[in-house]
Number of protein chains: 2
Amino acid sequence: MNFPGVEAINEASKRISPFIHRTPALTSKSIDEIHKARLYFKCENFQKVGAFKYRGATNAIHQLSLSQLQNGVATHSSGNHAQALALAAKIKKVKSFIVMPSNAPKSKRDAVIGYGANVIDCDPTLEAREATLDQVIKEKKAHFIHPYNDYRIIEGQATAAKELIEDVPDLDYLIAPVGGGGLLSGSALSVKYFSANTKTIGAEPSGADDAFRSFSTGEIIPSVNPDTIADGLLTSLGSKTFPIIKEYVEQILTVDDSKIIDAMKLIWQRMKIIVEPSAAVPLAVVMEYQHIFEGKKIGIILTGGNVDFNKLPF
Amino acid sequence: MNFPGVEAINEASKRISPFIHRTPALTSKSIDEIHKARLYFKCENFQKVGAFKYRGATNAIHQLSLSQLQNGVATHSSGNHAQALALAAKIKKVKSFIVMPSNAPKSKRDAVIGYGANVIDCDPTLEAREATLDQVIKEKKAHFIHPYNDYRIIEGQATAAKELIEDVPDLDYLIAPVGGGGLLSGSALSVKYFSANTKTIGAEPSGADDAFRSFSTGEIIPSVNPDTIADGLLTSLGSKTFPIIKEYVEQILTVDDSKIIDAMKLIWQRMKIIVEPSAAVPLAVVMEYQHIFEGKKIGIILTGGNVDFNKLPF
């Protein structure tokens, strides 16, 4: 397969830089002391729409031709990709059509509408989402932008790790959470191209361990009834993300929800920043597998900070 | 009265700079749009111990003579000053004795003990706190460091506004919350010395409006049964803080708790940072008095981020 090359990631970086925040890499002395490691947190919770997803959505939209842009863009998502695509479309002054399951949190639905998107409701099943999206695309002739299984998305997400590597050289490990694999595959490519001695690790909830099982067996094993508080990581790997992960990711490590909650609380308490459960999975992995990470210099992508304050796990 | 001069604040700044974080001034496009103003948030929630109080405590301790340091330092506090003095003492390698009321949150008590302080419990009344502290000072011969009514503390707290002014020149307003007045008096001095065209505003909860009433009448009117979610602002002005405030603060504005909670939630949601209720009072004032602040360039001191996650108001 022709994976995105170093030039594609460099171009994505240039393309999106006027539109995104270059987020800081924060450290916490007390968290370092607890885990006997040097941790650098890439704060994509401070990214526009509160999540790294804005990078991929922006990179995709800004590559569309005028004729492609004419009828707008479309996707299905209940999460951060929905907001990301809606805002990226607004900035580019094109229409967006977002298919959202009827059980999506009201706050996320409101945010998407707030960015000027057209929200189309559907039943909360993957089948209903795909069928509704197909119909929207057919009717509106909108351009579909998949949340992760798309090289334009992967290249965009890769820019977070690229920036972290620029700010913090000589990392021993870079850890990113894995859901559909857009961020993890992009991060692995950036590590390969810009920091060859760093190892990329995928961090996954035990309750949604399809990437772990796919990685172990070498074949995509879809997620069946995933159950985890990390609601951004419920999706399964895709045909474009998995081959990159298989090739360039060192290992996928899983953790239970209780550790994820501990890690999330630690970040809130010690760093005074808000991260969503999915963003805490890499730190949970550092806590769980101390024998691997002790004494190491580790980059962590804090993926986002969109939390429903009425449903905090602590 | 001989208020602290410009040199005292410059020296405090030099004295404490090796020990404190120079915190960032963050902005939020969406909060600016909502309030039609340009807001710059000085993030003392990222300060050591999670609050600006570490500045004053550090400035005080580092001015003590060897003989003063010998028997350690003491104070009474249920809040951020307790943690600040405990850590500043630990860094300076001196003992600390912190008198805490028996109803202080366990998390704060644990944090103070975690910094190596000796915690002495007392009944939760001001009388009991003062009597217990007197006894501790007599027994241990420790040096008392008042949470706010002390020029060394005021000079230390002044450095937050000084840094904000350096990072963001030409502010129309600088807004700080007011409890005992250490931060507000220090901020007003920094504004006077370093940004003479800026106006300093005190922000106070309606349920603890002793500073507003003192400022209106010209005499210190102590707080009686204050009732507000902003638990860092329950104390009354002091004999050293009030004269500075009377002289150099433009106005004290009060807001209800419901607005404070709205402001706190807005900061959490839009900026993805954790601030305590007291820290949200200045933004609540901007929301409440839009006719004053519309179109203006405003500096806000976010005083701290020590929150009990089990008692969130939203």
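Into which domains is chain A divided? Chain A comprises domain 1 (6-52 + 151-311) and domain 2 (54-144), with bounds taken from an automatic or database domain assignment.

## Basis of the model

This is a predicted model, in which local features need pLDDT of at least 70 and side-chain atom pairs count only at pLDDT 80 or more, while totals for chains, interfaces and linings use all residues. Residues are numbered from 1 along each chain as its sequence is written, and chains are lettered from A and ligands numbered from 1 in the order in which they are written.

## Domain contact in chain A

The C-alpha centres of domain 1 of chain A and domain 2 of chain A are 24 Å apart. Their contact involves 23 residues from domain 1 of chain A and 16 residues from domain 2 of chain A; two residues are in contact if their C-beta atoms, placed from the backbone, lie within 7 Å.

On the side of domain 1 of chain A that touches domain 2 of chain A, α1 (6-16) and α8 (151-167) of chain A each supply at least two residues. Helices (H or I, at least four residues) and strands (E, at least two) are DSSP runs, numbered from the N terminus. The most is given by α8(A), with 7 residues. By class, this side of domain 1 of chain A has 9 nonpolar, 8 polar and 6 charged residues. Nonpolar denotes Ala, Val, Leu, Ile, Met, Phe, Trp, Tyr, Cys and Pro, charged denotes Asp, Glu, Lys and Arg, and polar denotes the others, Gly among them.

## Strand β2 of chain A

Strand β2 (residues 38-43) of chain A is largely enclosed by the rest of the structure, because 5 of its 6 residues are buried (20 or more other C-beta atoms within 10 Å of the residue's own, C-beta atoms being placed from the backbone).

Strand β1 (residues 25-26) of chain A runs antiparallel to β2(A) and is joined to it by 2 bridges; pairing requires that DSSP finds at least two bridges between two strands. Here A:Ala25 stands opposite A:Lys42. With strand β10 (residues 297-302) of chain A, β2(A) pairs in the parallel sense over 6 bridges, and A:Tyr40 has A:Gly299 as its bridge partner in β10(A).

## Chains A and B

Chain B is superposed on chain A by a rotation of 180° with 0.0 Å of shift along its axis (RMSD 0.0 Å), by least squares on the C-alpha atoms of residues with pLDDT of at least 70 in both. The two copies are therefore related as by a two-fold rotation axis. Of the residues of chain B, B:Ile273 comes closest to the rotation axis, at 2.1 Å (C-alpha).

Between the chains, 11 residues of chain B contact 11 residues of chain A. The side of chain B that touches chain A has 7 nonpolar, 3 polar and 1 charged residues. The copies meet through the same surface, because 100% of the interface residues of chain B are also interface residues in chain A.

How values were computed: A residue is buried if 20 or more other C-beta atoms lie within 10 Å of its own, exposed if 12 or fewer, and partly exposed in between; C-beta atoms are placed from the backbone.
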